[in-house]
Amino acid sequence: MKKKLSRPVFFSVLCIAILLSAMAACSVSYKLNGASIDYTKTKTIQIDEFPIRSTYVWGPMGPMFNNELKDEFANHTRLQQVKRNGDMVISGEITNYSQRNKSVSSEGYSAQTELSITVNVRFTNNANHSQDFEKQFSASQTYDTTQSLNSVQEQLVEDIIKDLVNQIFNATVANW
């Protein structure tokens with residue numbers, strides 16, 4: 001004896017099959033990290049070293065930033081990193097590394113200090129030049145003035161760099 005599928009079950013199965021086939025036909029890759037890259041047109045990325053052009057510097061900051069930026073694209077895209085002639089090109093410089101008083105205590109002394117980094121980024125998308133830009137990205141972290149900068153600097157800079165790299169990633173390949 002044959003069993004018939006009920007109409008609601010039949011239509012549910014049909015809708016799921018149509019949805020899955022529509023998703024399989026899509027040529028643009030969307031990832032959970034927000035990257036939307038047409039890998040049929042864009043296969044390589046050139047990420048130049050960002051030199052430090054700030055008057056105040058902390059030595060490890062440059063290599064930390066450059067490595068984190070390259071790692072972000074290696075870990076979250078399928079783009080091959082090349083030294084020159086990339087389908088996408090990211091270049092720029094670290095233009096500012098500074099600290100300033102953020103808040104004042106009731107006694108009139110600085111209670112918190114803000115450490116900030118600014119980078120100037122030039123982005124070229126050779127597959128779609130309408131997405132090209134040059135702009136600055138900034139990020140900062142605050143710490144209590146009772147702590148010395150030397151004791152908190154490495155962790156603060158790591159956090160700031162992660163924020164900057166996330167902003168750059170979103171602006172270049174996630175189109176946010």
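Me: Which residues of α2 are buried?
Reply: In this predicted model, M61, G62, F65, N66, L69, E72 and F73 of α2 are buried (under 20% relative accessible area with a 1.4 Å probe, protein chains only; over 50% is exposed, and in between is partly exposed). They cover an arc of only 135 degrees around the axis, which puts them on the same side of α2 (the arc is taken from the directions from the helix axis to the C-beta atoms).

Me: How are the numbers and values set up?
Reply: Residues are numbered from 1 along each chain as its sequence is written, and side-chain values use heavy atoms, without hydrogens and water. As the model is predicted, local features need pLDDT of at least 70 and side-chain atom pairs count only at pLDDT 80 or more, while totals for chains, interfaces and linings use all residues.

Me: What do the buried residues of α2 pack against?
Reply: They pack against β3, β4, β5, β6 and α3 (contact is heavy atoms within 4.5 Å; helices are DSSP runs of H or I with at least four residues, strands are runs of E with at least two, and both are numbered from the N terminus).

Me: Which way does α2 run?
Reply: Helix α2, residues 61–76, lies across β3, β4, β5 (88–104) and β6 (110–125), at about 125 degrees to β5. Axes are lines fitted to C-alpha atoms, for helices over the stretch in contact, with angles from 0 to 180 degrees between N-to-C directions. Helix α3, residues 149–172, lies across β5, β6 and β7 and runs at about 150 degrees to β7.

Me: What is the strand order in the sheet?
Reply: The open sheet of five strands has the order β4-β3-β5-β6-β7, and its pairing is mixed (a pair needs at least two DSSP bridges).

Me: Where do F123 and F133 lie?
Reply: F123 is in β6 and F133 in β7, so the pair ties together parts 10 residues apart in sequence. F123 and F133 are both buried.

Me: Which residues form the aromatic cluster?
Reply: The cluster consists of F123, F133 and F137.

Key
Phe/Tyr/Trp six-rings, centres within 6.5 Å; stacked < 30°, edge-to-face > 60°.
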